[in-house]
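Biologist: I would like to learn how to read a few features of a model with you, one at a time. Could we look at the structure together and begin with a single residue?

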Amino acid sequence: CSNDDPAPSTTNNNTTTKVDFTLNLNADENKSLLEDGGFVIKNRVVVARTNTSQFVAVTQVCSHEGNARVTFNKNTNEFFCDVHGARFSTEGKGLN
């Protein structure tokens with residue numbers, strides 16, 4: 001289930017103040033989270049299950065150029081923007 005807000009709330013300085021939703025792992029659209037390396041995108045948030053079975057979530061909007069194209073790469077265990085190749089650790093640190 002999800003709250004009524006379709007996307008994260010922001011303040012005037014463009015920082016996120018709220019993201020609130022629940023993912024049902026039994027739902028077909030979230031089944032990829034049952035496997036290490038799987039991810040889903042909901043409300044412009046990428047939720048991934050790392051290669052160590054830890055769940056992490058980041059905004060889908062790339063901090064480098066602002067494109068909503070961030071996904072999770074299970075082979076490298078990192079987040080990736082396919083527009084320009086930006087890579088981010090599961091802690092959110094820029095890697096290139």
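Biologist: Is Ser89 buried or exposed?

Modeller: Please keep in mind that this is a predicted model. The word buried is applied under 20% relative accessible area, and Ser89, with a relative accessible area of 11%, is therefore buried. Ser89 is found in the segment after β8.

Biologist: Leaving aside its neighbours within four places in sequence, which residues is Ser89 in contact with?

Modeller: Once the neighbours within four places in sequence are set aside, Ser89 is in contact with Phe79 and Leu95. Phe79 is itself buried, with a relative accessible area of 1%.

Biologist: How should I read a pair of aromatic rings, in general and then here?

Modeller: A pair of aromatic rings is described by the distance of the centres and the angle of the planes. In this structure the count comes to one aromatic pair. The ring centres of Phe72 and Phe79 lie 5.0 Å apart and their planes stand at 65°, so the pair is edge-to-face, given that planes over 60 degrees apart are placed in that class. Phe72 also counts as buried, at 5% relative accessibility.

Biologist: What is the order of the strands in the open sheet that contains β6?

Modeller: That open sheet of three strands has the order β6-β7-β8, and its pairing is antiparallel. Its edge strands are β6, residues 70-73, and β8, residues 87-88, each of which pairs on one side only. Between β6 and strand β7, which covers residues 78-81, the antiparallel pairing runs over four bridges, and the bridge partner of Val70 in β7 is Cys81.

Biologist: Since a cysteine has come up, how many disulfides does the structure hold?

Modeller: A disulfide is a covalent bond between the sulfur atoms of two cysteines. Here the structure holds zero disulfides. Cys62 is in no disulfide, and the nearest cysteine sulfur, that of Cys81, is 3.9 Å away.

Biologist: In what order do the strands of the open sheet with β3 come?

Modeller: Three strands form that open sheet in the order β3-β4-β5, with antiparallel pairing. The strands at the edges are β3, residues 39-42, and β5, residues 55-59, each pairing on one side only. On average, and with direction ignored, neighbouring strands of this sheet are turned by 20° against each other. The antiparallel pairing of β3 with strand β4, residues 45-49, extends over four bridges, and Val40 stands opposite Val47 in β4.

Biologist: How many helices and strands are there in the protein chain?

Modeller: The protein chain has zero helices and eight strands, so that its pattern along the sequence reads β-β-β-β-β-β-β-β. Of its 96 residues, 27% count as buried. Among contacts in the protein chain with a separation of 6 or more, residues 24 or more positions apart account for 20%.

Methods
Residues numbered from 1 in each chain as written. Predicted model: local features only at pLDDT ≥ 70, side-chain atom pairs only at ≥ 80, totals over all residues. Heavy atoms only, no water. Pairing = 2+ DSSP bridges. Helix = DSSP H or I, 4+ residues; strand = E, 2+ residues; numbered from the N terminus. Axes fitted to C-alpha atoms, helices over the stretch in contact; angles between N-to-C directions. Phe/Tyr/Trp six-rings, centres within 6.5 Å; stacked < 30°, edge-to-face > 60°. Buried < 20%, exposed > 50% of the residue type's maximum accessible area, 1.4 Å probe, protein only. Contact = heavy atoms within 4.5 Å. Disulfide = S-S within 2.5 Å.
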